[in-house]
Amino acid sequence: MTKKDVLVETTELTTPSQVGFWDTTVGKTVRASLYLGVSAVLAAVLADIQNNPELFGIYTPFINLLLVAVKNLASPTVKNI
């Protein structure tokens with residue numbers, strides 16, 4: 001691929017009908033909100049099971065990492081080492 005081909009490829013605009021909802025800024029924001037919501041619910045359930053609400057804040061970042069790792073392992077576009 002020549003430099004000209006790359007320039008032409010990167011300057012082509014896509015119409016709204018070509019862009020999926022999840023690829024838009026709003027879609028990505030909704031997706032992030034869903035991950036945070038699922039993470040918060042899972043952290044709340046774990047804290048409630050252990051009858052210790054203070055653990056909610058401790059569990060949330062670890063559950064976020066777990067959810068992102070699972071998503072990336074399942075993604076065919078992310079290389080796993």
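This is a walk through a predicted model, from the overall fold to single residues.

Start with the chain as a whole. It holds three helices and zero strands. Read from the N terminus, the elements run α-α-α. Burial is limited to 11% of the 81 residues. The chain exposes about 6900 Å², and carbon and sulfur atoms supply 68% of that area. Take the contacts between residues at least 6 apart in sequence: 24% of them join residues at least 24 apart.

Next comes helix α2, which covers residues 25-49. It has 25 residues. From its first C-alpha to its last it reaches 36 Å, close to the 36 Å expected at 1.5 Å a residue. Its buried residues are G27, S39, A43 and A47. What do the buried residues of α2 pack against? They pack against α3. Two of the buried positions, S39 and A43, will return below.

An α-helix has 3.6 residues a turn, so residues three or four places apart point the same way. Keep that in mind when reading the buried lists. In α2, that list includes S39, A43 and A47. In α3, it includes T60, I63 and L67.

Now turn to α3 itself, residues 55-74. This helix has 20 residues. Its span from first to last C-alpha is 28 Å, close to the 28 Å expected at 1.5 Å a residue. Its buried residues are L55, T60, I63 and L67. The cover over them includes α2.

Is T60 buried or exposed? Its relative accessibility is 18%, and the cut-off for burial is under 20%, so T60 counts as buried. Which residues does T60 contact, leaving aside its neighbours within four places in sequence? They are S39 and A43. Both are on the list of buried residues of α2.

Between these two helices sits a loop, and N51 lies in it. N51 follows α2. Its phi is near 55°, a positive value in a residue other than glycine. Most residues other than glycine have a negative phi. N51 is also exposed, with a relative accessible area of 66%.

The other loop to visit lies between α1 (3-11) and α2, and it contains W22. How many aromatic pairs does a search of the whole structure find? It finds one. The partners are F21 and W22: their ring centres lie 5.1 Å apart and their planes stand at 70°, so the pair is edge-to-face. The cut-off for that label is over 60 degrees. F21 is partly exposed at 45% relative accessible area. W22 is partly exposed at 40%.

F21, W22, V26, V30 and L34 form a nonpolar patch. Together they have about 470 Å² of accessible area.

Conventions: Residues are numbered from 1 along each chain as its sequence is written. This is a predicted model: local features need pLDDT of at least 70, side-chain atom pairs count only at pLDDT 80 or more; totals for chains, interfaces and linings use all residues. Side-chain values use heavy atoms; hydrogens and water are left out. Helices (H or I, at least four residues) and strands (E, at least two) are DSSP runs, numbered from the N terminus. Buried means under 20% relative accessible area, exposed over 50%, partly exposed in between (1.4 Å probe, protein chains only). Contact means heavy atoms within 4.5 Å. The expected span of a helix is 1.5 Å times one less than its number of residues. Patches are made of residues with over 30% relative accessible area and no salt bridge: like charges are joined within 9 Å, nonpolar side chains (Val, Leu, Ile, Met, Phe, Trp, Tyr) within 5 Å. Accessible areas come from the Shrake-Rupley method with a 1.4 Å probe; for residues, only the protein chains shown count as cover. A salt bridge is a side-chain nitrogen of Lys or Arg within 4 Å of a carboxyl oxygen of Asp or Glu. Rings of Phe, Tyr and Trp (its six-membered ring) pair if their centres lie within 6.5 Å; planes under 30 degrees apart count as stacked, over 60 as edge-to-face and the rest as tilted.
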